[in-house]
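Hello,

Here is the structure I promised to pass on to you. Have a look at it first, and then read my notes below.

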Amino acid sequence: MNSKYLDLLAQKYDCEEKVVTEIINLEAILNLPKGTEHFVSDLHGEYQAFQHVLRNGSGNVKGKIEDLYKKLLTEKEIKEFATLVYYPEEKIKLIKNDFDNERELHQWYTVIIERMINLVSYASSKYTRSKLRKALPDQFVYIIEELLYKTDEFTNKEPYYTKIVQQIISLGQADKLIIGLAYTTQQLVVDHLHVVGDIYDRGPEPDKIMDTLINYHSVDIQWGNHDVLWLGAFAGSKVCLANIIRICARYDNLDIIEDVYGINLRPLLNLAEKYYDDNPVFRPKRHSDEKVSEEEQLQITKIHQAIAMIQFKLESPIIKRRPYFKMSERLLLEKIDYDRNEITIHGETYPLENTCFATVNQEQPDQLLEEEAQVMDKLLFSVQHSEKLARHMNFLMKKGSLYLKYNGNLLIHGCIPLDEEGNMEKMVIENKTYAGRDLLDTFERYLRHAFAHPEETDDLAKDMVWYLWSGEYSSLFGKREMTTFERYFIKDKKTHKERKNPYYHLRENEETCRKILTEFDLNPDQGHIINGHTPVKEIEGENPIKANGKMIVIDGGFSKAYQSTTGIAGYTLLYNSFGMQLVAHTHFNSKEDVLLNGTDVLSVKRLVDKELERKKVLETNVGEEILQEVSILNSLMEYRYMK
Ligand SMILES: O=P(O)(O)OC[C@H]1O[C@](O)(COP(=O)(O)O)[C@@H](O)[C@@H]1O
Ligand SMILES: [Mn+2]
């Protein structure tokens, strides 16, 4: 090991004892049980439902409460206690309303603080004290530690503990302590969170999800196609930008663009008012509980058309300048017979309906009007100068990747593009051929390049981000073509179908999954592929566990818009030292419902894999890092202290 590095390290470990302590500490951690990983995907802006899953740790919180109190408390009391841990602030308020006098309230505090302390103690039993300390509420660390480590509770210290609790209550600190302990519990039951893609689009509050993730103790993200669309927009791709605005208009979420991210939509609205009118297929999908005035709906309908037409125009030059994207079938504006109002796609002619081609020049259909070009320039400027969006996008880049190898598993949002025979599909980019892992690494390089160069709008990297959204061999899209145009303007549903990559039927097959794991240098006997992106249609009997347990599909089904097709809200996955558990969620009503009725959205757990022996940190990614650290510290011992 280079002596320069060791000299630097010696500044931190400036005496023998410090090195020894750290080595002992790290070696001890290696022998602790592996921390719990929590996998979620396809959050799609559904902040409330996501919050609930985070707060209950996909059932882990209740599981711990049941372990401790199943024999001592009624089912109703367990539910109440669990709700208190999920939503402490609100639940305390509700409970307080039930008490007639101070004495009753104090009694309740005493009981609950003890239960909370027990719960934290139990939930932290597989962690070091130092890790627990980091999870404790700052202002109560000392007090909680006193309560947690009461070693001789049956002898002379008992009055001391009772006194501490009574003092907390009489000094009016009980609420704060309970709230702090509740969040500590939430943090302890999940050691690390994986978000397997699609935070953005369709739902109303992706920004709040991002803020939650930014503040979360340990998280990684595998980008979804929708996330990449937002990254692309921020990085300077106008076609990605048109897409995110179109989707926001479609789902009546333009306030995300305008109010949350502070992007001025006025120029787009002016253009929309000038060229467009009402149009049934561009009416926004309404959130069931919200009232939108007729006037506002009409405005959104116009914006929706304006931005959709800009999007279609912007696609065309990219398709032309990148022949190896093989998307010429998507040059739809050129395939329209404007006089007959028909289009010919894949050799078949269809009538067009609900068209809105007022800005289309038939001679050069992909040409933006001067006004449209200006609107896009202004929008892009505004997007790239939104501080909040910058914060969110930077975080998405920092914590994100196209795929992740973690503890022997492969995490990926969409797919590994395959041909019908199950071979890695090849794609040629600038005369070089890529496939499998190499293709994904190449995609990721382009995306990172695109993000690093926000001043470029039309270079290959930027076009590649759009390809990731909608290209045939994109590992995020995984379908032959995106039929957005057809769904707006053609009635015949057969044109709406998006044919999936063979991956989606081949992934049922164990051999295919083993091959993919091997392609990524993972052990096919031990590893799993953890996949998001496609809702599991439980209604039609689809099983989320495929290929003899090698493939686990965990579309969280958070997106309300898709719940009727799945019959269930979706799945999340837990992987602790005992193995993997798939958790099925029924749909989430509201926080209020949980608070008042204790309704929890969880149901059956299916065992995916049961470890024969409890898995230790030593056998994990973190363990590998620790081993490396130990080896470096051993070198330091030898170099500095001759031991
Ligand atoms: O239901 P919508 O909003 O029209 O979106 C449909 C589009 O969304 C996609 O399914 C992509 O979104 P997902 O990643 O959530 O599947 C496209 O394939 C499809 O064209
Ligand atoms: Mn997706």
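Is arginine 437 buried, partly exposed or exposed? Arginine 437 is partly exposed, with a relative accessible area of 22%; buried means under 20% relative accessible area, exposed over 50%, and partly exposed in between, with a 1.4 Å probe and protein chains only.

Before going further, some background. This is a predicted model, in which local features need pLDDT of at least 70 and side-chain atom pairs count only at pLDDT 80 or more, while totals for chains, interfaces and linings use all residues. Residues are numbered from 1 along each chain as its sequence is written, chains are lettered from A and ligands numbered from 1 in the order in which they are written, and side-chain values use heavy atoms, leaving out hydrogens and water.

Salt bridges

The structure holds 36 salt bridges, each being a side-chain nitrogen of Lys or Arg within 4 Å of a carboxyl oxygen of Asp or Glu. One of them joins arginine 437 to aspartate 441, at 4.0 Å from N to O. These two residues are four apart in helix H20, so about one helical turn separates them. Aspartate 441 is partly exposed as well, at 25% relative accessibility. Elsewhere, Arg321, Arg322, Asp458 and Asp463 are joined into one network by salt bridges that share partners.

Another salt bridge brings together the side chains of lysine 591 and glutamate 90, 2.8 Å from N to O. Lysine 591 has 21% relative accessibility, so it counts as partly exposed. Glutamate 90, at 27%, is also partly exposed.

The sheet

An open sheet of five strands has the order S8-S9-S12-S14-S13, with mixed pairing. Strands pair if DSSP finds at least two bridges between them; helices (H or I, at least four residues) and strands (E, at least two) are DSSP runs, numbered from the N terminus. At the edges are S8 (403-406) and S13 (545-546), each pairing on one side only. Strands S12 (residues 529-531) and S14 (residues 551-553) run parallel and are joined by three bridges. Within this pairing, isoleucine 529 has methionine 551 in S14 as its bridge partner.

Helix H24 (residues 510-519) lies across S9, S12 and S14.

Enjoy exploring!

Notes: Contact means heavy atoms within 4.5 Å. Axes are lines fitted to C-alpha atoms, for helices over the stretch in contact, and angles run from 0 to 180 degrees between N-to-C directions.
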